[in-house]
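This report sets out selected features of the structure shown below.

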Amino acid sequence: MESTWLEYAPEYGDRDAWPGTAEEGVAALAEDWEHFVSRIAALGDKRLLEPIGIGPGGWADETCPKLALRAFKEVTHHGAEIGLLRDLYLRDGA
């Protein structure tokens with residue numbers, strides 16, 4: 001069992017199969033976002049402000065909100081890239 005900054009939650013692990021359609025992708029994103037937000041909320045004020053400790057990369061001394069904001073920044077960044085590619089694809093007439 002691996003301990004992470006959101007505690008151990010195997011039910012929220014990697015997908016066995018990635019969505020095959022846009023509709024499935026949107027549903028998967030909504031589901032993953034709900035899991036992410038509910039895990040952050042479940043930490044409580046005390047744990048939220050403590051150092052992460054064991055977990056991802058060089059984040060052991062950082063707080064959970066800082067890593068959560070970093071994750072949110074990455075989702076926003078890559079979501080914008082996906083939106084751009086979608087717009088370019090639609091305008092290409094493919």
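## Basis of the model

The model is predicted; local features need pLDDT of at least 70, side-chain atom pairs count only at pLDDT 80 or more, and totals for chains, interfaces and linings use all residues. Residues are numbered from 1 along each chain as its sequence is written, and side-chain values use heavy atoms, with hydrogens and water left out.

## Helix 1

Helices are DSSP runs (H or I, at least four residues), numbered from the N terminus. Helix 1 covers residues 22-49 and bends by about 85° at Leu-43; the bend is the angle between axes fitted to the seven residues ending at a residue and the seven starting there.

Leu-43 is also among the buried residues of helix 1, together with Ala-28, His-35, Phe-36, Arg-39, Ile-40 and Arg-47. Buried means under 20% relative accessible area, exposed over 50%, and partly exposed in between (1.4 Å probe, protein chains only). Helix 2 (64-92) is part of what covers these residues.

## Helix 2

The end C-alpha atoms of helix 2 lie 42 Å apart, which agrees with the 42 Å that its 29 residues should span at 1.5 Å a residue; the expected span is 1.5 Å times one less than the number of residues. Cys-64, Leu-67 and Ala-68 are buried in this helix, and their cover includes helix 1.

## Glu-62

Glu-62 is located in the loop between helix 1 and helix 2. Glu-62 counts as partly exposed because its relative accessibility is 27%. Leaving aside residues up to four places away in sequence, Glu-62 touches Glu-50, Pro-51 and Ile-52, contact meaning heavy atoms within 4.5 Å.

Notes. Helices (H or I, at least four residues) and strands (E, at least two) are DSSP runs, numbered from the N terminus.
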